[in-house]
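Open the model in your viewer and keep the selection tool at hand. The stops below say what to select next and what is there.

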Amino acid sequence: NSSDLSPSFILASIPGLEAAQSWVAIPLCSAYILAVAGNCAVLLVVRMEPSLHAPMYFFLCMLAAIDLALATATVPRILSFYWFDSREISFGACLLQMFLIHTLSAIESTVLLAMAVDRYVAICHPLRHAAILTNAATAKIGLLAMARGVLFFLPLPLLLLPLPFCGSRVLSHSFCLHQDVMNLACANTTPSVVYGLTAILLVMGLDAVLICLSYILILKAVLRLAAWRERLKVFSTCIAHICVVLAFYVPLIGLSVVHRFGKDLAPLVHIIMGNIYILVPAVLNPIIYGVRTKQIKRRIL
């Protein structure tokens, strides 16, 4: 019986498994615990190991902090829904969660671009690497990433704030996303659609193009090396970052495709894609860097 001025939304449950949703939440909770433990371990290792006080590992710490914040902004609320049947989320809480998800994703995209530039400078201009990417420059990049994410995605909840919601208020996911909430409005959402698509293209889309460009330049530099063994040794320093980029962009693209073109798909597909988008990068990133980075692996062991 909420009014149009202050609506509430209903979080989506897994179809056909409503009676067993408390059991379904166990693997989700396990993945969240693994993500928290892994990212906290990365932060502690980098802090305690002086040899890791370098731009590459500072960027990795930023990535770990973002993954922690993104998982914590969503998973505890999902677990409260699965375990305590708390399906209803207020309009204000939904907008806040939506803003955090999109802003943190934009910040992570910017940090991944900065890490790609770090690899490019380290491989293509090794003698200038220390002078270009100083600790001060790394801190400025982190602040710029935060400002960029906030400025681009703060308008999203502001555009939804005045819209009336007079029809169905059941979301497609167990958390709030801009596309999902926007589709429930019973008013003209063209400004919100246009701005949302523009923000995604100017942040995640542009970052993806620049990351690809960085690796094209890196590949050209690597192929100039005479020995194959030397080529593999140099390019292997990029393997971890490439895996992390794929772990972030593949679920993001998949979720975007499901929202844009998968309206006729089963609700289960939307829920699974949403959970993958939230948890897969947070779980995989510390594992990837823990396996690929000898210093981190040795210190954790």
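Helices here are DSSP runs of H or I with at least four residues, numbered from the N terminus. The model is a predicted one.

**Stop 1: S105**

Select S105, which lies in helix α3. Is this residue buried or exposed? Buried means under 20% relative accessible area, and S105 has a relative accessibility of 1%, so it counts as buried. Now show the residues around it. Leaving out residues up to four places away in sequence, S105 touches L70, M204, F248 and Y277.

**Stop 2: α2 against α3**

Select residues 55-84, which form helix α2, and keep α3 in view. The axes of the two helices are 10 Å apart, and the helices pack at an angle of about 160 degrees. Angles over 145 degrees count as roughly antiparallel, and α2 and α3 are therefore roughly antiparallel to each other. The crossing of α2 past α3 is left-handed. Sorted by class, the residues in this contact are 18 nonpolar, 3 polar and 5 charged.

Within this part of the chain, select residues 57-79. An unreviewed UniProt entry lists 57-79 among its "transmembrane region" annotations. The stretch is 100% helix and 0% strand, with 32 Å between its end C-alpha atoms.

**Stop 3: α3 against α5**

Select residues 91-124 for α3 and residues 135-153 for α5. Their axes come within 8 Å and cross at roughly 140 degrees. That angle makes α3 oblique to α5. The crossing of this pair is right-handed.

Which residues of α3 and α5 meet? On the α3 side they are F99, H102, T103, A106, I107, T110, V111 and A114. On the α5 side they are I141, A145, M146, R148, G149, V150 and F153. By class, this contact has 10 nonpolar, 4 polar and 1 charged residues.

Next, select residues 141-165, another of the ranges that the unreviewed UniProt entry gives as "transmembrane region". Over this range the chain is 76% helix and 0% strand, and the end C-alpha atoms are 39 Å apart.

**Stop 4: T189**

Finish at T189, in the loop between α7 (178-182) and α8 (190-223). With a relative accessibility of 18%, T189 counts as buried because the value is under the 20% cut-off. Apart from neighbours within four places in sequence, T189 is in contact with L163 and M182.

How values were computed
Residues numbered from 1 in each chain as written. Predicted model: local features only at pLDDT ≥ 70, side-chain atom pairs only at ≥ 80, totals over all residues. Heavy atoms only, no water. Axes fitted to C-alpha atoms, helices over the stretch in contact; angles between N-to-C directions. Parallel < 35°, antiparallel > 145°, perpendicular 65-115°, else oblique. Left-handed = near helix turned anticlockwise from the far one by under 90°. Contact = heavy atoms within 4.5 Å. Nonpolar A, V, L, I, M, F, W, Y, C, P; charged D, E, K, R; others polar. UniProt positions renumbered as here; feature names shortened; annotations may be inferred. Buried < 20%, exposed > 50% of the residue type's maximum accessible area, 1.4 Å probe, protein only.
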